[in-house]
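Biologist: I'm new to this one, could you walk me through it?
Modeller: Gladly, here it is.

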Amino acid sequence: MDFALTEEQQAIFDMARDFGAEHIAPHSRAWEAAGTIPKDLWPRIAELGFGGLYVSEDYGGSGLTRLDATLVFEALAMADPAVGSFLSIHNMCGGMIDKFGKPEDKERWLPDLCSMRKVFSYCLTEPGSGSDAAALRTRADRTNEGWKLNGTKAFISGGSYSDAYICMVRTGEDGPKGISTVVVEDGTPGLSFGALEHKMGWQAQPTTQVQFDDCLVPSENLLGEEGRGFTYAMAGLDGGRLNIAAGALGGAQAALDQTLVYMGERKAFGKSLDQFQALQFKLAEMEVALQSARTFLRQAAWKLDNRAPDATKFCAMAKMYVTDRAFEVANGCLQLHGGYGYLADYGVEKIVRDLRVHQILEGTNEIMRLIVSRALLAERG
C-alpha cells in the first residue's frame with residue numbers, strides 16, 4: 001500500500017494552499033463581517049482548474065478524481081473553511097450535471113460552471129425535510145411551456161447570491177421515485193429569497209431560503225431523467241461528504257499550526273507553553289487525531305474513485321469521524337490559547353465556529369451512524 005501523494009497531487013495541494021494563503025486568508029475576517037465573498041474571486045479560482053474539478057475536460061473541467069478534490073478542499077480550508085466549502089457545493093453541482101445530465105444539459109451548463117462565470121448552488125433541504133430528504137414537498141407541475149414550481153428550500157448556501165440553483169423537486173408520487181431535478185436560473189419569474197440567515201459560522205457564505213411561487217422553468221431545464229432526482233442527489237452526497245470532511249480537516253490543521261506557533265511564543269511561569277509536558281501531550285493527541293482522520297478520508301475517497309461496493313459506507317464513516325475529530329482539535333486549540341483564543345484577532349474562534357456545521361450538513365453525523373450501522377447489518381452473514 002502506498003500512502004504517498006503523487007507529484008501531481010502534491011502540486012495540486014500546494015497550488016490550492018498557496019492561492020488560499022495569498023488571496024483568501026488575508027481577507028477572511030473582512031468577508032465574514034461583510035457576510036459575502038467577492039464574486040471576482042471565483043474566476044481566479046477557476047483559472048486554477050478548481051471550478052469543475054470532476055467535470056470532463058470536454059466541457060472545460062479538470063477531470064480530477066475525488067481524492068484529488070479532497071486535497072483542494074483541505075488546502076483551501078486552511079485559509080478559510082467557509083470559502084472552501086462554498087466551492088465544494090458548486091463542484092458538487094458540476095459533478096451531478098457531468099454524471100447524470102444529457103449531452104445537451106452538459107453543453108448548456110458546464111462551460112459557464114467550470115469557468116465560474118456562473119456560480120451554482122444545491123437545493124435539497126426544506127423547512128420540513130432535513131435528514132428525511134425523500135419527504136421533500138416542493139412541487140414541479142407540467143405546463144405547456146415546461147414546469148411550474150411551488151415550495152421552499154431551506155439553509156441554501158448561495159441563496160440570493162448564486163447564478164443557478166440545482167433543485168430537487170417532486171414531479172410525481174410521494175417518496176424518492178417521485179423526485180426530479182431541475183435547474184433554476186437567477187432572475188426566473190417566481191423565484192425569490194428569504195432574509196439572510198444569521199449563523200454561528202460560515203458567515204461569509206450568504207445563506208437564505210429559496211422560494212418558488214408559480215416559478216416557471218423551461219422544460220429543457222429538467223436535468224437527466226424525470227423521477228431520478230433523488231438518486232442523483234444521494235450520489236452527489238457521497239462526494240460532498242468527503243469534501244465537507246476535507247474542509248473540516250484543513251480548518252483544524254490551520255488551527256493546530258497556529259497553536260504550535262502561539263505556544264512557542266507565549267510564556268507562563270517562566271517558560272514557553274510548549275515546554276509543559278501536559279500541554280505537549282495535548283499536541284500529540286491532536287496530531288494523531290488529524291493524521292488518522294486524513295488517512296481515513298483518503299481511503300474513503302479512493303474507494304469512491306474505484307467504485308468499491310462499500311464506498312457509501314466509507315464516505316459516511318469518514319465524514320462522521322473526520323468532522324468530529326476536526327472540531328475536537330479546533331476546540332482544543334482554542335483552549336490552549338486561553339483567553340486569547342476567545343478573541344477574533346487570533347482566528348481560532350472563527351475556525352471553531354465554522355467547523356461546527358461540518359458535523360451537521362451533508363447529512364448529520366447521526367445519519368452517518370445510521371448509514372454505517374445499516375450497512376453493517378446488511379453485510380452480516
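Biologist: How many disulfides does a search of the whole structure find?
Modeller: The search finds zero disulfides, a disulfide being a pair of cysteine sulfur atoms within 2.5 Å. Cys167 is in no disulfide, and its nearest cysteine sulfur, that of Cys123, is 4.0 Å away. Cys215 is in no disulfide either, with the sulfur of Cys167 as its nearest, 8.0 Å away.

Biologist: What sort of model is this, by the way?
Modeller: It is a predicted model, in which local features need pLDDT of at least 70 and side-chain atom pairs count only at pLDDT 80 or more, while totals for chains, interfaces and linings use all residues. Residues are numbered from 1 along each chain as its sequence is written, and side-chain values use heavy atoms, leaving out hydrogens and water.

Biologist: Back to Cys167, buried or exposed?
Modeller: Cys167 counts as buried because its relative accessibility is 0%, where buried means under 20% relative accessible area, exposed over 50% and partly exposed in between, with a 1.4 Å probe and protein chains only. Cys215, also at 0%, counts as buried.

Biologist: New topic: which strand holds Phe155?
Modeller: Phe155 is in strand E3, residues 146-157; strands (E, at least two residues) are DSSP runs numbered from the N terminus. Phe155 has a positive phi of about 60 degrees although it is not a glycine, and at 63% relative accessibility it counts as exposed.

Biologist: And where is Phe269?
Modeller: Phe269 lies in the loop between strand E8 (267-268) and strand E9 (271-272), and has a positive phi of about 55 degrees without being a glycine.

Definitions and conventions: Helix = DSSP H or I, 4+ residues; strand = E, 2+ residues; numbered from the N terminus.
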